[in-house]
Amino acid sequence: MSSLKVSPSDEYILPSLVNVKFSRIALTPIGQRSTELVYFNHEEDIGLAVETIFQNKIFDLPSPKLIIVLEGGLISCSERLNDFNEKQFSKLVAKLLLDIGQNKLRDNQGAAWLFCKLRHDTVAGHIIQTTRRQYLANDIPLSQFVTIGVDVCPSIQLEDAPYNYQSLVDALSNTSQDNTKIETITSYNRILNKRLSRIILYGRKDQDLVDQRYLLQRCVDEIGRIRDNDKSECVSIPKIMLLYGGDTNNIEPIHRLLNADLDRRKFGLVIMRGSGGLADILAWACDKIRSGGTCVQSFEQKILTKTFFRELKVLVNQLLGDELTNDLIILVTYLAITRCKKVRVCDEDDDLSLYLLEALVTENQSQRLSSLKLHLSLAFDLNQPKFASRMLRANQDMLEEDLIQLAKMAIIRDQVEFLHVLEDTCGITSDNLGEKFEYELSSKMNYNHDLFLERIQKDFGCNLEDVYRSPDEHNETAGDEMQLINVKLFLWAVFFDHYNLSLHFWRRLNVSIKL
């Protein structure tokens, strides 16, 4: 398993110079569930503290392939435009995370990281619980699913840092930072998100502007810095926000993550229509902007039109029971100016994986090779061949060896539709895989190749190489070698019951197999 690698230059930074406290702490009153918590306060430099945290063995986590931030929170059904099935939504997100976890090409291709609040959120709890169950059911190590709760509380001395469930609840209960509408503390067991694998808690002083999202951004920046120091992984990590529900407390943080100073720090945004609150407001705004209507009087002055402003004000009052705030005006104006770049609105019945990819990559965007390979790998993980086709057509300069690796990935993971994409867009077929690809298959698929050959010989009464014979045995051509590759792959697919792949390779054969 690949983990975040600390560069040699960072090893000289002594953790003792930064005061952070690591502890194992219960997330339920009776201690059924526990996690690793790290606490530091305003007396420490946030950058150095976060750097120290991710150097510690407790945070020896698999390298992230995708970072998802859960944003918002459901509010009462009466305040939603439509009924929203939170369990169905949780299953969609869990399925997306499972698809990433089932990557079988290499163990070091990274894991899904999920960031959420430490405070209880029904949807976040359902997503984590469902994902963990699916990982276990598919024999995927839970270490490949990273869940981190990031939050802030009033500053306390390091020696008084939370050490058990009650002290953690007390620390969070004393803060007025989070005023979102969450379930009440009358249900004593529903205060914290009890299924987190790690927690980072920052103690801030009065008038401190550091909030949960700022701390989150610093964590993501540190992860990216570590990745950049490893030359083999010098690529921006895909980052996405999933917004469901939400209220005025989510507006400014969303705009901050969308409009980061550097492109590599910017997040994509997927909005769940029908989940109520801020999500439905932004979904309506995006529909208006994308429909071609005039939403801004002047792109230079960045002022919303009077009609759009009036409709937005009515909708805010209806869904949030509040006045239209300046933060929301700024966010909607940003969406209008950028034409909702890297923002997608997803309905409950839509393909969430596709919308996530579209929010990460602007349509027809030409990318750096490293980012392209990572996004294509995600498209394969999430089983989105049409999206992969669009990316390949927009980036025609991808190396043949990288395309061949994608073809190998498709075969290993029984994704025959991606073989069609690679052939149609790039001309890459099974002919390009190499004569000894079956040995690579045996290594990746964990089967004994010698036993496979023995079984073939027993069933066919001859060696695998003798199943196909060149018409002219004394003058074998390159075409004969390619034909033999397809024969071997066809027999492999039949033997291991890959029906669609066996049909694909059968159609590529232009000769009869010796039976």
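At the start of helix H10, which backbone nitrogen does a side-chain oxygen of Asp351 reach to within 3.2 Å? The backbone nitrogen is that of Ser353. This is a predicted model: local features need pLDDT of at least 70, side-chain atom pairs count only at pLDDT 80 or more, and totals for chains, interfaces and linings use all residues. Residues are numbered from 1 along each chain as its sequence is written, and side-chain values use heavy atoms, with hydrogens and water left out.

**The whole chain**

- The chain has 19 helices and eleven strands. These are DSSP runs numbered from the N terminus: helices are H or I with at least four residues, strands are E with at least two.
- Of its 515 residues, 55% count as buried. Buried means under 20% relative accessible area, exposed means over 50%, and partly exposed lies in between (1.4 Å probe, protein chains only).
- Take the contacts between residues at least 6 apart in sequence: 76% of them join residues at least 24 apart. A contact means heavy atoms within 4.5 Å.

**Helix H10**

- Helix H10 covers residues 352–360. Seven of its nine residues are buried, so the helix is largely enclosed by the rest of the structure.
- The buried residues are Leu352, Ser353, Leu356, Leu357, Glu358, Ala359 and Leu360.

**Aromatic rings**

- The whole structure holds twelve aromatic pairs. Rings of Phe, Tyr and Trp (its six-membered ring) pair if their centres lie within 6.5 Å; planes under 30 degrees apart are stacked, over 60 edge-to-face, and the rest tilted.
- Phe40 and Tyr202 have ring centres 5.2 Å apart and planes at 55 degrees, so this pair is tilted. Phe40 is in strand S2 (residues 34–41) and Tyr202 in strand S6 (residues 198–204), 162 residues apart.
- Phe40 is buried at 0% relative accessible area. Tyr202 is buried at 3%.
- Phe54 and Trp113 have ring centres 6.3 Å apart and planes at 20 degrees, so this pair is stacked. Phe54 lies in helix H1 (residues 46–55) and Trp113 in strand S4 (residues 111–116), so the pair ties together parts 59 residues apart in sequence.
- Both Phe54 and Trp113 are buried.
- Arg198 lies over the face of Phe59, at 5.9 Å from the ring centre. The rule for a charge over a ring: NZ of Lys or CZ of Arg is within 6 Å of the ring centre and within 35 degrees of the ring normal.

**Cysteines**

- The disulfide count is zero. A disulfide is a pair of cysteine sulfur atoms within 2.5 Å.
- The sulfur of Cys340 has its closest cysteine sulfur in Cys286, at 3.5 Å, too far for a bond.
- Cys340 is buried, at 1% relative accessible area. Cys116 is buried too, at 4%.

**Asp99**

- Asp99 lies in helix H2 (residues 86–101). Its relative accessibility is 9%, so Asp99 counts as buried.
- Not counting residues up to four places away in sequence, Asp99 touches Asp381, Leu382 and Arg413.
- The C-alpha atoms of Asp99 and Asn383 are separated by 8.0 Å, though these residues are 284 apart along the chain.

Notes. Polar contact = N/O pair within 3.5 Å; in protein donor to acceptor, adjacent residues only side chain to side chain.
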